[in-house]
Amino acid sequence: MSKKISISINGISYEVDPEKTILEVANDAGIIIPTLCYHKDLCVAGNCRVCVVEVVGQTRLAASCATPCHDNMEILTNTLKVRNSRKHIIELLLSEHNADCTKCYKNGNCELQELAAEYKIMSQDLIELVNHKNYTIDMYSPSIIKDDSRCIRCQRCVRTCAELQGVNALAVAYKGDHMKISTFFEKSMNDVVCTNCGQCVNHCPTGALIEKNYIEEVWEAISDPEKHVIVQTAPAVRVGLGEEMGIEVGTRVTGRMVAALKNLGFDSVLDTDFTADLTIMEEGTELLTRLKKALVDNDPKAKLPMYTSCSPGWIKYIEHMYPESLDNLSTCKSPQQMFGALAKTYYAKSRKLDPEKIVSVSVMPCTAKKFESYRPEMHDSGYRDVDYVLTTRELAIMIKQAGIDFKKLPEKKFDRLMGESSGAAVIFGATGGVMEAALRTAYELVTGREVPFENLNIAPVRGMDGVREASITIEKPLEQWSFLDGVELKCAVAHGLVNAKKVMEAVKNHEADYHFVEIMACPGGCLGGGGQPIPTNPEIRERRAKAIYEEDAFMPIRKSHQNPEVIKIYKDFLHKPMGEKSHKLLHTHYTPRKRY
Amino acid sequence: MDHTIEYISELVKKTGRKREHLLPVLQGVVQRENCLSDETIIEIARQLDLPTADVYGTATFYSFLETQKMGKYVIRVCKTITCAMKGKNQILLTIEDMLKIGIGETSTDKQFSLLQTNCLGWCHKAPAMLINDEVYTELTPEKVREILSEYIKK
Amino acid sequence: MAEHYNLKRADFIFRNENDWEKILSRTLEKDKQELINELISSELKGRGGAGFPTGLKWKLASEAVADQKYVICNADEGEPGTFKDREILTKVPFKVLTGMGICGYISGASQGYIYLRGEYKFLKADLEKAISEFEYYCKEINFDFNIKIFMGSGAYICGEETALMESMEGFRGEPRNKPPFPTNQGYMGKPTVINNVETLAHTFTIFKHGAKKFYDLGVQFSRGTKLFSVSGDTPKPGIYELELGMSLQDFVDEFGDGDTKAVQVGGASGFLVPRKRFGVTSIGFKGKLTGISLPTGGSMMLFNSTRSMFNVLDNYLEFFREESCGQCTPCRVGCQQLLLGIKAVKQGQKQAAYLDKLLKLTETMQYTAKCGLGQSVANSFSSIVENFREEMIY
């Protein structure tokens with residue numbers, strides 16, 4: 001640790017670390033400085049200039065996010081000069097911004113709007129630049145809308161796409177008054193390497209990048225008496241939704257969420273967790289089959305490591321960036337799409353419904369799931385498997401529109417038939433969760449014993465490190481798995497595509513010999529998904545993760561293969577994992593795409 | 001396109017394939033082709049292992065790295081203060097009249113493109129223009145006609 | 001009145017001197033600290049316009065600890081009205097290269113770069129020849145120093161030192177946050193001395209003739225000579241080496257056309273001085289001089305009474321609007337607002353009082369912009385609007 005230095009802010013002295021910026025020190029001291037381009041997930045840019053403060057002795061103001069403290073620095077955060085300058089900068093941003101707030105999707109959740117309100121920008125003297133520009137709105141992606149007229153050029157999206165995701169679908173282009181956030185040759189987001197992960201949406205302070213919303217379509221379906229509208233909810237939604245409802249971060253709102261969905265008028269409120277458990281059965285079996293083919297049969301077609309396939313952002317990423325590795329992907333559909341395929345087959349049959357009349361809606365922490373539901377191969381039920389995908393944020397909007405007092409709702413339970421789940425499914429929402437769930441089941445299938453971790457909590461795969469490794473040695477397996485005796489099963493977990501890249505490169509360069517790798521596109525896994533409440537930052541992700549593991553710990557069933565509905569569906573419908581029906585409904589194939 | 005790939009490969013061999021070699025590579029391509037097409041940017045991105053959007057964003061920052069299709073000869077007339085004072089508009093009119101193109105346009109025979117540019121550093125000999133890398137100063141309409149006639153003959 | 005003198009011409013920079021080899025080898029034998037002291041005592045300040053003391057810059061870089069350091073010659077001469085660096089590189093390249101070599105010796109850098117603006121590409125071939133001759137000699141005297149040319153591609157902002165480094169590293173030429181400063185973390189994150197072409201040429205003079213010779217020229221706080229790029233309404237446009245500290249009146253007497261209405265000192269990012277202030281304005285760096293002293297990169301543009309100051313300002317603002325890198329709000333949006341604003345006033349769509357709002361806006365730009373470009377737009381804007389307000393109004 002380096003020596004502390006002394007500074008003063010607004011006349012009060014502080015002893016601080018010299019590496020810290022003025023902004024960090026001020027925040028620690030409880031002094032709020034407005035920011036726009038700053039985000040805790042991202043590197044410092046220092047380009048919006050709204051965080052300026054006065055440093056005694058300097059004529060110019062300092063951008064507090066980008067200025068390190070030095071000894072005896074005297075900082076003033078609330079002088080006339082500072083206030084006037086900040087106000088001026090906000091006015092400038094507003095003049096460049098399509099400030100027709102009432103027609104903006106982000107109305108009420110916009111950082112620029114908040115600042116404008118705080119600084120009481122009552123009149124607009126400056127000339128509205130929006131009228132002088134040919135702004136375009138890109139609506140071609142099924143996941144993301146990019147509206148340049150709302151962009152304030154803070155570059156948070158660009159940094160997100162580069163630093164968190166390593167995708168670089170967005171970049172800063174041109175200079176001066178033409179400077180803009182652009183894709184390659186200004187193509188549509190749908191025609192470039194964009195993975196639809198929505199992290200840019202989650203990090204955008206304004207309405208320049210938003211999810212494509214399907215709220216009206218869902219309302220319409222619900223109102224149609226002819227339709228049987230079912231909804232599935234992903235594990236991460238229940239630990240995020242509360243934030244949109246004014247409930248403290250990290251609160252589990254599963255029961256209230258179910259109650260709200262019933263109030264909204266869905267005919268059946270079901271759980272993606274059910275198909276998460278099913279995923280474990282399928283994917284676990286697939287892994288063991290691959291291991292057998294690779295280790296016993298020496299089948300060159302059995303590719304290891306096997307990568308998980310739950311995260312559609314990750315799928316699109318690997319299709320673009322590592323198309324040569326598509327055979328390493330598990331062929332399992334994501335839980336959302338397994339659910340969709342079963343909804344219009346198994347569910348329809350069991351409930352004696354015409355699949356034509358079923359509208360299958362999902363609520364996801366994710367924008368990439370919207371794109372996924374549009375994939376041409378996702379019609380295995382004979383219909384479009386999932387009709388509409390809503391984000392956590394869209395669900396919150398619907399709940400508010402319906403006039404539901406969410407905080408006061410009584411807790412309700414998911415409906416049956418595809419509503420039962422285990423703790424293993426819940427943790428799908430956190431990075432490492434799929435791995436942990438798979439190990440709980442696979443180890444037990446192979447050895448007949450529970451995984452050798454206290455309370456089934458496989459601690460090595462938990463946490464927020466970008467890449468985590470774990471291994472488990474299989475001892476005394478059951479007869480049929482004897483070839484695995486003594487095998488050290490090597491696993492890795494990565495979240496955030498920039499970390500996925502690290503794993504992919506390590507595997508490519510033979511620096512790692514994993515058998516099984518879990519990859520989630522978003523930092524923190526689905527709980528930090530692009531469709532989750534805004535803001536999402538490292539601290540919020542930690543708290544949502546804590547809630548997820550709590551949810552797991554309180555579940556009566558902790559292992560996927562013990563989910564009674566899973567047992568039932570294999571008995572009544574699917575017959576066996578990786579069986580013929582599974583193959584048709586629950587597995588898929590992938591499309592190589594261009595990297596450049 | 002095959003020629004371009006080959007050319008880029010050669011360039012990259014000379015300059016290196018790190019990020020700091022991006023500008024020299026882009027400049028090399030523009031030197032040869034007068035502009036950067038989406039295909040050439042893709043090839044450069046591939047060879048330097050950079051994201052295409054990033055290369056595009058970098059290229060568009062620089063006025064001389066055109067991403068629009070340009071003619072064989074790119075005329076850049078200085079529009080900054082001294083040249084503006086000393087008759088830049090006359091020069092532009094002369095060129096427009098002679099080549100039948102407006103600012104930002106390329107002649108139908110793909111020989112000439114006309115652009116304006118910021119200070120070329122010849123204020124004491126204003127007005128000035130560049131045709132590709134060649135500088136022409138102390139321009140008059142007559143002088144411009146002579147210069148262009150030479151290029152047309154080429 | 002400011003301490004100034006009548007116009008004094010000088011002839012150091014372009015003086016034909018063929019002894020660069022001797023000066024280089026002789027200087028490299030001297031103690032580094034002694035050389036730094038020599039340079040500091042000359043009081044040479046950066047000739048690009050910002051005026052940072054050159055000796056101090058070299059000292060800071062020499063004290064920085066790193067496995068690799070760099071010397072960069074900033075030849076991205078883009079300020080409207082400036083063309084002296086091109087002439088130096090054309091006529092006396094060896095003075096610049098020698099300056100770079102000595103800087104490399106003092107700071108501990110073995111690699112030098114010349115960042116040459118794209119508009120000067122025609123200089124490249126000759127400059128490369130000079131460099132290979134220079135490197136050949138360095139090798140001969142066992143001095144490990146190499147120089148490469150890095151071409152710009154048309155971006156005024158790359159003259160800003162950290163933007164220039166971003167550009168060299170293959171990125172958009174966007175200025176960095178400071179600190180860190182280049183002498184600690186510059187090109188490729190390594191300690192870097194970056195100097196303007198003319199500054200390096202002056203170091204040649206200083207190491208050849210001694211600091212005193214240089215110091216004795218000019219006035220207090222503004223020592224030595226400076227190249228001036230003279231253009232606009234003048235019967236003798238061109239490049240002139242003059243001692244610093246002259247009054248603008250003397251300058252106009254020499255270079256004006258008898259009808260000079262105003263002089264733009266320091267290019268578009270500098271100040272416009274109206275006729276009534278010629279006598280109280282001197283050209284040099286800020287110090288304890290009485291009267292107004294204007295620093296400059298050497299651009300002197302003269303305007304006679306036929307010129308509309310509105311057109312002049314309009315031209316500058318269009319320049320800034322296009323050449324701003326666009327990353328920071330005050331500069332990107334501010335430049336657009338200023339340009340549209342003066343047009344609106346001129347066309348009667350906004351009241352004259354709107355000019356005062358715009359003046360306030362330039363003040364904010366000065367306080368909050370990330371780099372010198374956005375900060376200095378206020379200079380020309382306020383000096384033109386305040387002195388020629390009537391020309392701005394409908």
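In this predicted model, 29 residues of chain C are in contact with 27 residues of chain A. Helix 12 of chain C provides the largest share of the side that touches chain A, namely ten residues. Chain C also meets chain B, where 38 residues of chain C are in contact with 30 residues of chain B.

**Chain C facing chain A**

- At least two residues each are supplied to the side of chain C that touches chain A by helix 11 (309-323), helix 12 (329-346) and helix 13 (354-368) of chain C.
- By residue class, this side of chain C divides into twelve polar, ten nonpolar and seven charged residues.

**Chain B facing chain C**

- Two or more residues of the side of chain B that touches chain C come from each of helix 2 (22-33), helix 4 (52-61), helix 5 (81-85) and strand 4 (134-136) of chain B.
- Helix 5 of chain B gives the largest share of that side, four residues.
- The residues on this side of chain B comprise 16 nonpolar, ten polar and four charged.

**Strand 4 of chain C**

- Strand 4 of chain C, residues 192-196, is mostly covered, with five of its five residues buried.
- Both of its faces are covered: Thr192(C), Ile194(C) and Asn196(C) are buried on one side, and Val193(C) and Asn195(C) are buried on the other.
- Strand 4 of chain C runs parallel to strand 1 (residues 70-75) of chain C, and five bridges join the two strands.
- Asn195(C), in strand 4 of chain C, has Cys73(C) standing opposite.

How values were computed:
Residues are numbered from 1 along each chain as its sequence is written. Chains are lettered from A and ligands numbered from 1 in the order in which they are written. This is a predicted model: local features need pLDDT of at least 70, side-chain atom pairs count only at pLDDT 80 or more; totals for chains, interfaces and linings use all residues. Two residues are in contact if their C-beta atoms, placed from the backbone, lie within 7 Å. Ala, Val, Leu, Ile, Met, Phe, Trp, Tyr, Cys and Pro count as nonpolar, Asp, Glu, Lys and Arg as charged, and the others, Gly among them, as polar. A residue is buried if 20 or more other C-beta atoms lie within 10 Å of its own, exposed if 12 or fewer, and partly exposed in between; C-beta atoms are placed from the backbone. Two strands pair if DSSP finds at least two bridges between them.
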